[in-house]
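Visitor: Hi, I have a structure open and would like to walk through it with someone. Could we take it one piece at a time?

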Amino acid sequence: MSGFARRLLGTTIVTAALAAAIAVYIAVFLTASPPSAGAVQTASGPHLYLGSVASAELSDQHPTWVSFYAVNATSTRWTHATTYVLPAHTLVHVTIYQFDSQTGLRNPLYGHATGMIPGTYTVDGKRVQGIDPTTAAHIFAVPQIGLTVPLEGISANAKNPCSNAPCSLSTAHHTMSFAFRTPGKGLYRWQCFVPCAAGFIQGNGGPMQTIGYMGGFLKIV
Ligand SMILES: [Cu+2]
């Protein structure tokens with residue numbers, strides 16, 4: 001093979017490999033969007049059910065990461081989604097089944113529940129203003145609309161804790177409920193503010209910075 005033919009062949013192979021890599025990048029990363037979930041329709045309007053866990057499913061890309069899931073009312077059907085599609089200007093009821101243990105808040109202010117319809121925040125069915133900030137496992141917060149929902153963690157000696165999602169309601173958990181009015185159409189970021197990412201610097205890496213675990217969006221339509 002002449003030097004020219006060899007260079008031509010080399011250039012062709014490298015160009016083809018780059019084109020293939022770009023095609024994979026477009027197909028796998030640019031056209032994929034995180035999965036979303038919606039509310040359940042009930043007699044009192046849309047009802048969003050969520051679950052928060054110490055560890056994602058064993059089959060997950062990150063089975064050791066803390067995570068939120070969309071679930072159904074009985075916590076028997078789990079969907080790994082943190083983008084929640086809700087109708088605009090609507091009263092939405094939310095129930096969060098919280099199965100993870102306590103980490104505690106750096107900023108005790110987040111122990112107060114804010115931004116929901118007054119009087120609708122309950123922990124295990126009891127109407128309260130907030131929780132002891134040292135007992136927080138996670139927070140469901142939508143800063144743009146001033147919504148902060150502290151989620152109590154199970155105690156260190158709770159019997160029958162759930163390790164990986166999906167978690168049955170027969171395992172240790174606390175149930176937080178509240179109602180809020182959705183804002184106008186748009187994409188609203190939500191996130192957790194408890195430094196709950198065990199094994200990461202300051203507890204704020206990994207799942208705390210990844211859509212699909214400790215953060216996501218309210219997609220108001
Ligand atoms: Cu968290």
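Visitor: Is strand β10 (residues 136-142) enclosed by the rest of the structure or in the open?
Guide: Keep in mind as we go that this is a predicted model. Strand β10, residues 136-142, is largely enclosed by the rest of the structure, because 6 of its 7 residues are buried.

Visitor: Which strand does β10 pair with, and in what sense?
Guide: β10 pairs with strand β11, which covers residues 147-152, and the two run in the antiparallel sense over 6 bridges. As one example of that pairing, His 138 has Leu 151 in β11 as its bridge partner.

Visitor: And how many residues are there between the strands of that hairpin?
Guide: There are 4 residues between the strands in the hairpin of β10 and β11, where Gly 146 takes a positive phi near 70°.

Visitor: What residues besides glycine have a positive phi?
Guide: Asp 124 is one of them, with a positive phi of about 50° although it is not a glycine, and Asn 160 is another, with a value of about 60°. Asp 124 is found in the loop between β8 (122-123) and β9 (126-127), while Asn 160 lies in the loop between β11 and β12.

Visitor: Are those two buried or exposed?
Guide: Asp 124 counts as exposed, because it has 11 C-beta neighbours inside 10 Å. Asn 160 is exposed as well, with 10 other C-beta atoms within 10 Å; the cut-off for that label is 12 or fewer.

Visitor: Back to the inside, then. Which residues touch the most other members of the largest nonpolar core?
Guide: The largest nonpolar core has 52 residues, and those that touch the most other members are Leu 50, Val 53, Ile 139 and Val 149. The elements giving two or more residues to this core are β3, β4, β7 (91-98), β10, β11, β12 (174-181) and β14 (215-220). The largest share, 5 residues, comes from β10, the strand that we saw has 6 of its 7 residues buried. As a general point, nonpolar side chains in soluble globular proteins tend to be buried together.

Visitor: What does Leu 50 touch?
Guide: Leaving aside residues up to four places away in sequence, Leu 50 touches Phe 68, Tyr 69, Ala 70, Val 71, Val 94 and Ile 96.

Visitor: How do β3 and β7 run relative to each other, parallel or antiparallel?
Guide: β3 and β7 run parallel and are joined by 6 bridges, with Gly 51 standing opposite Tyr 97 in β7. β7 also pairs with β12, but in the antiparallel sense, over 8 bridges, and there Val 92 stands opposite Phe 180 in β12.

Visitor: New topic: where is Glu 57, and what does it touch?
Guide: Glu 57 sits in the loop between β3 (45-53) and β4 (67-71). Not counting residues up to four places away in sequence, Glu 57 touches Pro 63, His 80, Asn 164, Ala 165 and Pro 166. Glu 57 is partly exposed, since it has 16 other C-beta atoms within 10 Å, which falls between the limits of 12 or fewer for exposed and 20 or more for buried.

Visitor: What kind of peptide bond joins Ala 165 and Pro 166?
Guide: Ala 165 and Pro 166 are joined by a cis peptide bond, with omega at about -5°, and Pro 166 is found in the loop between β11 and β12.

Visitor: Zooming out, how many helices and strands are there?
Guide: The secondary structure of the protein chain comes to 1 helix and 14 strands. The chain is more spread out than a compact globule, because its radius of gyration is 21 Å, well over the 17 Å that the globule rule gives for 221 residues. Along its principal axes, the C-alpha trace spans about 85 × 40 × 35 Å.

Visitor: Last one: how is the chain divided into domains?
Guide: The chain is divided into domain 1 (1-32) and domain 2 (36-220), and the C-alpha centres of domain 1 and domain 2 lie 45 Å apart.

Definitions and conventions: Residues numbered from 1 in each chain as written. Predicted model: local features only at pLDDT ≥ 70, side-chain atom pairs only at ≥ 80, totals over all residues. Contact = placed C-beta atoms within 7 Å. Domains from an automatic or database assignment. Pairing = 2+ DSSP bridges. Rg over C-alpha atoms; globule rule 2.2 N^0.38 Å. Core = buried A, V, L, I, M, F, W, Y, C linked by C-beta atoms within 7 Å.
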